[in-house]
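Please go through the notes below with the structure open.

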Amino acid sequence: MKEKDIILSARIISMIFTPFYLPLVGLLVLFLFSYLNILPLAYKLFVLVMVYLFTVLAPTLLIHVYRNHQGWTPRQLGMRERRMVPYILSIFCYFACYYLMHVFHIPHFMSSILVAALMIQILCATINVWYKISTHTAAIGGMAGAILAFADIFDFNPLWWFCLTIIVAGMVGTSRMILRQHSLPQVLWGFTVGLIVAFLIILAI
C-alpha cells in the first residue's frame with residue numbers, strides 16, 4: 001500500500017470514528033441489547049435524533065465554521081494551544097443536549113451516557129492546558145467503559161463487544177499517529193481517561 005493510501009485510510013478512520021459519536025453509539029447499544037428495546041420506536045428515534053443533532057451535527061458544524069474563520073487546516077487546529085475553543089463549543093452543545101433530556105424527562109440511566117461523554121470532554125479540555133491527549137481515543141475508551149458498566153448493570157457478557165471496541169481503538173489510535181496528530185502516550189492516555197471516567201460515572205448514576 002502506498003503512503004498516500006495509508007494517509008487517506010487514516011483520515012477516513014478519523015472521520016468515521018469522530019469523538020462526538022460516543023453518546024449516540026452508547027444509546028444505540030442500550031436500545032438494542034437491554035430491556036429498553038421494548039420502548040416505542042418513535043420514542044427511541046426521537047432520543048437518537050436529538051442526541052445526534054446536539055452531540056454530532058452541531059459541534060461538528062460549529063468547529064468547522066470556527067476553523068474556516070481562522071483559516072486553519074485540520075492539522076493546524078489540532079495544535080494543543082488551538083484546541084480550547086473547539087472543546088468549549090462541544091461542551092456547550094453537550095450541556096444543551098443534557099438540558100433538553102432533562103426537560104423531556106429522559107431517564108437518568110440514559111442521560112448518564114451523555115454525562116459521561118460530557119465529563120470526558122471537560123477532563124480532556126482541562127488536561128489539554130498542560131498536556132495534549134487524544135479525544136478520539138478518549139471517546140473509544142469511553143465506549144469501552146460504558147460497555148463494562150452496562151454489562152454490570154444489565155448482567156450480560158460484554159466480551160465480544162469489548163474486544164471489538166479494543167480493535168476499533170487500535171485502528172483509531174494508529175490513524176491519529178499516522179496523521180501526526182498524537183504520539184503513542186497521548187493515544188494511550190486518552191483511551192485510559194475515557195474508559196475510567198465513563199465506567200465510574202455510569203455506575204454512579
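Leu-28, Leu-32, Phe-33, Trp-161 and Leu-164 form a nonpolar surface patch of about 480 Å². The model is predicted: local features need pLDDT of at least 70 and side-chain atom pairs pLDDT 80 or more, while totals for chains, interfaces and linings use all residues. Residues are numbered from 1 along each chain as its sequence is written, and side-chain values use heavy atoms, with hydrogens and water left out.

**Nonpolar patch**
- Patch residues have over 30% relative accessible area and no salt bridge, and nonpolar side chains are joined within 5 Å.
- Areas come from the Shrake-Rupley method with a 1.4 Å probe.
- Helices α2 and α8 (159-178) each supply at least two of the patch residues, and the largest share, 3 residues, comes from α2.
- Phe-33 lies in α2 and is partly exposed, at 43% relative accessible area (buried is under 20%, exposed over 50%, partly exposed in between).

**Helix α2**
- Helices are DSSP runs (H or I, at least four residues) numbered from the N terminus.
- The 12 residues of α2 (residues 22-33) should span 16 Å at 1.5 Å a residue, and the end C-alpha atoms are 16 Å apart, which agrees; the expected span is 1.5 Å times one less than the number of residues.
- Buried residues of α2 include Leu-22, Pro-23, Gly-26 and Phe-31.
- The buried residues of α2 pack against α3 (41-70), α5 (84-103), α6 (108-128) and α7 (135-154).

**Ile-13**
- Ile-13, in helix α1 (residues 3-16), counts as buried at 19% relative accessibility.
- Leaving out residues up to four places away in sequence, Ile-13 touches Met-171, Val-172 and Ser-175 (contact means heavy atoms within 4.5 Å).

Definitions and conventions. Buried < 20%, exposed > 50% of the residue type's maximum accessible area, 1.4 Å probe, protein only. Patch = residues over 30% accessible without salt bridge, like charges linked within 9 Å, V, L, I, M, F, W, Y side chains within 5 Å. Salt bridge = Lys/Arg side-chain N within 4 Å of Asp/Glu carboxyl O.
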